[in-house]
Amino acid sequence: MEWLKENLSFNTHGKGMLLITREIERQIQSWDIQEGMCFLYIPHASASLTISESYDPSAQQDVEAFYEYTVPENQPWYRHTLEGADDSPSHIRATLTQPSLCIPIDDGRLSLGTWQGIFLFEHRARSQRRRVLLRCLKVS
């Protein structure tokens with residue numbers, strides 16, 4: 001077995017889901033991993049990772065709208081607002097989603113379902129530069 005590591009960077013455009021499956025698959029293919037495990041981790045308190053439908057854009061819009069509705073900005077009970085109206089909501093949204101994902105690799109590809117994609121979920125209103133740590137265990 002071999003342990004492979006890469007740090008990927010992504011520019012977000014404010015709140016929303018950014019599809020990152022292709023970049024991850026590209027790195028896995030460059031390592032020639034036929035069988036193994038992919039581990040992803042985002043070291044940010046106001047962004048997360050998720051797997052969701054990536055075929056129909058309306059599915060992504062519905063997920064984004066759900067979080068806007070469920071965790072809205074400018075609530076009078078928020079105390080953590082030092083960085084603006086999106087400060088507390090971005091941290092709450094990140095706790096409801098995941099900072100990490102584990103995905104098997106089979107036959108040189110991520111073992112995602114037909115319609116699944118990997119998304120970086122930005123919870124801040126402003127554009128951000130985000131890092132995703134990609135770690136793969138390659139079975140020889």
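The chain carries 14 positive and 18 negative side chains, and the centres of these two sets lie 7 Å apart. The model is a predicted one, and its secondary structure comes to three helices and eight strands, which follow one another along the sequence in the pattern β-β-α-β-β-α-α-β-β-β-β.

**The chain as a whole**

- Taken along the principal axes, the box filled by the C-alpha atoms of the chain is roughly 55 × 30 × 20 Å.
- Among the contacts in the chain with a separation of 6 or more, 83% are accounted for by residues 24 or more positions apart.

**The five-stranded sheet**

- Five strands form an open sheet in the order β1-β8-β3-β5-β6, and their pairing is antiparallel.
- Strands β1 (2–11) and β6 stand at the edges of this sheet with a single partner strand each, so one side of each is left without a neighbour in the sheet.
- Within the sheet, strand β3 (residues 35–41) and strand β8 (residues 129–138) pair in the antiparallel sense over six bridges, and Leu40 stands opposite Leu134 in β8.
- As a general point, strands of a sheet pair through backbone hydrogen bonds, in either a parallel or an antiparallel sense.

**Strand β7 and its partners**

- Strand β7 (residues 116–122) is mostly covered, with six of its seven residues buried.
- Strand β4 (residues 47–53) runs antiparallel to β7 and is joined to it by seven bridges; in this pairing, Ser52 has Gly117 of β7 as its bridge partner.
- Strand β2 (residues 16–19) also runs antiparallel to β7, to which four bridges join it, and the bridge partner of Leu19 in β7 is Phe119.

- Although Thr114 and Glu53 are 61 residues apart in sequence, their C-alpha atoms are 8.8 Å apart in space.

**Aromatic rings around Tyr67**

- The count of aromatic pairs comes to five; one of them is formed by Phe66 and Tyr67, whose rings are edge-to-face at 5.2 Å centre to centre, with 90° between the planes.
- Tyr67 also pairs with Phe121, and since the ring centres are 5.3 Å apart and the planes stand at 85°, this pair is likewise edge-to-face.
- Because Tyr67 lies in helix α2 (residues 57–70) and Phe121 in strand β7, their pair ties together parts that are 54 residues apart in sequence.

How values were computed:
Residues are numbered from 1 along each chain as its sequence is written. This is a predicted model: local features need pLDDT of at least 70, side-chain atom pairs count only at pLDDT 80 or more; totals for chains, interfaces and linings use all residues. Side-chain values use heavy atoms; hydrogens and water are left out. Buried means under 20% relative accessible area, exposed over 50%, partly exposed in between (1.4 Å probe, protein chains only). Helices (H or I, at least four residues) and strands (E, at least two) are DSSP runs, numbered from the N terminus. Two strands pair if DSSP finds at least two bridges between them. Contact means heavy atoms within 4.5 Å. Lys and Arg count as positive and Asp and Glu as negative; His and the chain ends are not counted. The place of a charge is taken as NZ of Lys, CZ of Arg, CG of Asp or CD of Glu. Rings of Phe, Tyr and Trp (its six-membered ring) pair if their centres lie within 6.5 Å; planes under 30 degrees apart count as stacked, over 60 as edge-to-face and the rest as tilted.
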